[in-house]
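The points below are grouped by topic.

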Amino acid sequence: RLEDTNQWGEKIMETLNYETKINVPPEMLQQQNNDKIKNVFTHARKAESQIRLLSIEERITYVSRVKEVILKSYPSIINQLQIETKKSRTDALVSEIFSVLDYCDFLIKESKKALQDKSVKTPLMLMGKKSYMYFEPLGTVLVISPWNYPFFQALVPMMTSFVCGNATIYKPSEVTPLIGVVENVLSAAGMDSHWIQIIYGDGKTGATLINHKPDKIFFTGSVQTGKKIMEQAAKLLIPVELELGGKDAAIIFDDANLERSTSGVLWGALTNLGQSCTSVERVYVQEKIFDSFKALLVNKANELLQSVDQDGNADIGSMTTEQQIKVVKEHRDDALAKGAILHTGNNWDGHAANIPPLIFTQITPDMKIYSEETFGPVIPILSFIREDEVIQDANNSSYGLSASVWSQDIERCQRVTRELKVGNVSINNVMLTEGNPYLPFGGVKDSGIGRYKGIIGFQTFCNIKSVLIDKNSSKIEANWFPYTQKKYHYFEQLTLSAFRKNPWSFVVFALTGIKLESHAQKLKR
Ligand code: NAD
């Protein structure tokens with residue numbers, strides 16, 4: 001219980017040094033053995049009942065402590081994030097630290113109200129009864145995360161799962177495991193080590209964890225892995241939430257402010273060096289401003305400072321993985337071979353991790369940069385003439401994660417927004433729905449299944465239990481046995497008066513109800 005863990009205050013006063021990692025041998029980043037995983041589930045199942053006993057206020061207090069630990073120790077968290085991901089310092093601060101703190105604040109403010117029992121309407125037909133929804137834990141939730149935002153993708157789902165009362169097992173990506181970082185934060189906040197357990201390992205470890213039948217899988221990662229997980233989960237009937245990739249479009253109409261839209265698109269395409277599920281990966285510019293938009297975007301891209309910096313001055317960092325560098329090279333070479341024109345980054349050798357922005361025009365639909373997720377600093381610019389044409393082209397994608405629409409005419413932006421087959425749209429801004437923890441997040445089509453964050457995001461981690469309360473009495477319900485011809489007649493009249501409305505229907509309904517009730521009570525067996 002909360003009062004037993006009073007040492008946390010002292011712990012957070014120490015500077016947490018994440019470069020002194022918890023001692024995890026390198027082989028632990030590969031496949032974990034089944035016995036160890038079995039043990040993890042045994043601990044989780046025991047932890048479930050402890051967490052259920054914590055009141056919602058107590059769980060929220062732990063979230064506040066986690067927030068305070070992060071506030072005290074974020075410089076060393078950023079150091080470790082930069083070592084593993086090679087992102088710029090400002091990207092790490094804003095997208096991982098600020099966003100997590102902001103989301104913790106949301107949980108602190110909203111969890112109690114979101115998770116309290118809700119009374120719902122009980123129709124006249126069920127007179128005398130009361131109806132409620134209880135938001136209960138699911139049990140043990142498995143969270144599997146990708147390498148691009150390793151702190152955010154850890155803390156946001158695991159803290160939501162925890163406030164909802166679940167035991168949580170978290171498997172980070174083997175590429176950016178941040179070994180020890182999350183454990184240190186949770187333990188400094190006084191949390192029991194079995195409430196949220198962190199298991200390092202690769203995809204095979206993820207698959208073994210699934211075989212132990214968690215009550216829910218919350219997966220963020222690629223479409224390819226998402227499909228494998230869903231297939232495995234289907235056999236075991238485990239519910240899944242899938243947060244997958246994207247090929248997000250930015251649509252810029254000719255009345256949009258050029259200065260703002262070019263800067264917005266540049267940031268949206270290049271934050272985290274484009275290694276973000278909601279990166280702008282297709283830029284549609286209306287014909288009249290196409291040349292001036294492209295020229296300004298190229299100028300601004302050329303001015304960006306690229307470094308894995310210590311002082312916060314760099315705009316963009318480096319690529320995180322060798323594998324992703326290969327994808328960017330493949331997409332670049334494919335585009336050039338098919339006739340695209342490259343306006344920036346001609347000096348990139350195809351191997352270095354600090355890939356400069358690669359802005360392309362003359363795009364054709366057969367190019368990989370048109371249809372496949374690049375997950376790197378590639379910006380294809382396409383032109384369009386009409387609104388209906390750009391909507392059709394933007395929707396012509398297997399993905400449906402986010403989009404942005406830029407125009408002075410807000411009505412037009414809203415009209416286009418309604419037509420886009422995606423989960424999130426920012427108008428005259430970019431990737432900003434993610435900046436508001438009150439907005440749910442998720443995609444359609446190949447971008448995933450389900451929503452998290454926002455008030456409805458709590459439901460992702462809950463068993464919503466429907467409860468109907470009746471009085472304890474000797475009364476027999478009219479719809480219980482025995483059935484009789486007379487009952488049938490009364491039910492027929494009730495059905496017709498309830499749903500075929502006329503001025504007398506309510507009176508007929510009430511009188512028939514009384515007759516049915518009296519008949520049913522006489523029939524008691
Ligand atoms: P990935 O699919 O390769 O790996 C994600 C995680 O799944 C890793 O932890 C990995 O070890 C694990 N895994 C791999 N195979 C598994 C299996 N068979 N069973 C269980 N777990 C398995 O993805 P990645 O390369 O780490 O991340 C990049 C992808 O993630 C991109 O496509 C990106 O768009 C997507 N992403 C989506 C969101 C979102 O919220 N929609 C956010 C960030 C990243």
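Predicted model: local features only at pLDDT ≥ 70, side-chain atom pairs only at ≥ 80, totals over all residues.

Helices H3 and H4 are roughly antiparallel to each other, because an angle over 145 degrees counts as such and their axes cross at roughly 180°.

**Helix pair**

- Helix H3 covers residues 56-85 and helix H4 covers residues 89-115, and their axes come within 10 Å.
- In the contact of H3 with H4, the residues divide into 19 nonpolar, 4 polar and 6 charged.

- Strand E8 (residues 248-252) and strand E14 (residues 402-406) run parallel and are joined by 4 bridges, with Ile252 standing opposite Trp406 in E14.

**Sheet of 6 strands**

- A further open sheet, of 6 strands and also with mixed pairing, has the order E5-E4-E3-E6-E7-E17.
- Strand E5 (196-198) and strand E17 (448-449) stand at the edges of this sheet, and since each has a single partner strand, one side of each is left without a neighbour there.
- Helix H7 packs on the sheet, where it touches E3, E4 and E6, and its direction makes about 165° with that of E3.
- Strand E3 (residues 140-144) pairs with strand E4 (residues 167-171) in the parallel sense over 5 bridges, and within this pairing Leu142 stands opposite Ile169 in E4.

**Salt bridges**

- The structure holds 21 salt bridges, among them one in which the side chains of Arg45 and Asp215 meet at 2.6 Å, N to O.
- That pair links distant parts of the chain, 170 residues apart, with Arg45 in helix H2 (residues 34-53) and Asp215 in the loop between helix H7 (203-211) and strand E6 (216-220).
- Arg45 is partly exposed, with a relative accessible area of 32%, and Asp215 is likewise partly exposed, at 26%.
- The side chains of Arg332 and Asp333 meet in a salt bridge at 3.0 Å, N to O; Arg332 counts as buried because its relative accessibility of 11% is under the 20% limit, whereas Asp333 is partly exposed, with a relative accessible area of 29%.
- The side chains of Asp388 and Arg386 form a salt bridge at 2.9 Å, N to O, in which Asp388 counts as partly exposed at 45% relative accessibility and Arg386 counts as partly exposed at 46%.
- Lys129, Asp470, Lys475, Glu477 and Glu517 are linked with one another in a network of salt bridges.

Definitions and conventions: Residues numbered from 1 in each chain as written. Heavy atoms only, no water. Salt bridge = Lys/Arg side-chain N within 4 Å of Asp/Glu carboxyl O. Helix = DSSP H or I, 4+ residues; strand = E, 2+ residues; numbered from the N terminus. Buried < 20%, exposed > 50% of the residue type's maximum accessible area, 1.4 Å probe, protein only. Pairing = 2+ DSSP bridges. Axes fitted to C-alpha atoms, helices over the stretch in contact; angles between N-to-C directions. Parallel < 35°, antiparallel > 145°, perpendicular 65-115°, else oblique. Nonpolar A, V, L, I, M, F, W, Y, C, P; charged D, E, K, R; others polar. Contact = heavy atoms within 4.5 Å.
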